[in-house]
Amino acid sequence: MADMENFLDIKEGLSFVANDKDLYKILLDAYAEESGFDPAALMDLIKRKEFEAAAKIVHKAKGASYQVGAKRFGDKAQVLEDILRGKSKPDASQRSPEELAALAKDFCAAFEKCLEEVEKARK
């Protein structure tokens, strides 16, 4: 279970639901089954410079992640969201397409890792 501490902090997630393990499992199930996160769609939006739409996708993944105790991933999402929304410099409009693609790819890989950890915790 120690490897799940990478992105998913089960103790933190349980603290959000007053240590109700049944409710926490429901949250994990919803996270895994209903995330609706589509890495290809995110990459496409960034490639087309539709940064606000991309930021909304990242924001949704961030919020859901914090709710299950995936703070490390949520924090990573916050960084990307801030870049996409122009809240950090250099923002998305000031970065090269290659740099943005690398940031998005890293975010997508982190999401997959987080999702793997959630799947393990569901069992």
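Hi everyone, and thanks for coming. The mean pLDDT of the protein is 92, and 96% of its residues reach 70 or more. Among the elements, helix H5, residues 71–84, has the highest mean at 96, while H2 has the lowest at 93. Where pLDDT is low, the predicted coordinates should not be read in detail.

Now to the helices. Two packed helices are described by the angle between their axes and the distance between the axes. So, what is the angle at which H2 packs against H6? Helix H2, residues 21–34, meets helix H6, residues 97–122, at about 140 degrees, and their axes lie 10 Å apart. That angle makes H2 oblique to H6. The crossing of H2 past H6 is left-handed. On the H2 side, the contact is made by Lys 25, Leu 28, Asp 29, Tyr 31, Ala 32 and Glu 33. H6 brings Phe 111, Cys 114, Leu 115, Val 118, Glu 119, Ala 121 and Arg 122. If you sort the residues of this contact by class, you get eight nonpolar, five charged and no polar.

The axes of H2 and H4 come within 10 Å and cross at roughly 155 degrees. Is H2 then roughly parallel or roughly antiparallel to H4? It is roughly antiparallel, because an angle over 145 degrees counts that way. H2 passes H4 in a left-handed crossing. Here Tyr 24, Leu 27, Leu 28 and Tyr 31 of H2 touch Ala 64, Ser 65, Gln 67 and Val 68 of H4. This contact has six nonpolar residues, two polar ones and no charged ones.

Let's zoom in on one residue, Ile 46, which is found in helix H3. Is Ile 46 buried or exposed? Ile 46 has a relative accessible area of 6%, so it counts as buried. Leaving aside neighbours within four places in sequence, Ile 46 is in contact with Phe 51, Ala 54, Leu 84, Leu 100 and Ala 104. Ala 92 is 46 residues away from Ile 46 along the chain, yet their C-alpha atoms are separated by 8.7 Å.

Last stop: the loops. Which residue has a positive phi of about 60 degrees although it is not a glycine? That is Asn 19, in the loop between helix H1 (10–15) and H2. Asn 19 counts as exposed, because its relative accessibility is 55%. Lys 49 also has a positive phi, near 65 degrees, and is likewise a residue other than glycine. You will find Lys 49 in the loop between helix H3 (39–47) and helix H4 (51–68). With 60% relative accessibility, Lys 49 counts as exposed.

One more loop before I stop. The peptide bond from Lys 89 to Pro 90 is cis, with omega near -5 degrees. Pro 90 sits in the loop between H5 and H6.

Note on methods:
Residues numbered from 1 in each chain as written. Predicted model: local features only at pLDDT ≥ 70, side-chain atom pairs only at ≥ 80, totals over all residues. Heavy atoms only, no water. Axes fitted to C-alpha atoms, helices over the stretch in contact; angles between N-to-C directions. Helix = DSSP H or I, 4+ residues; strand = E, 2+ residues; numbered from the N terminus. Parallel < 35°, antiparallel > 145°, perpendicular 65-115°, else oblique. Left-handed = near helix turned anticlockwise from the far one by under 90°. Contact = heavy atoms within 4.5 Å. Nonpolar A, V, L, I, M, F, W, Y, C, P; charged D, E, K, R; others polar. pLDDT = per-residue confidence, 0-100. Buried < 20%, exposed > 50% of the residue type's maximum accessible area, 1.4 Å probe, protein only.
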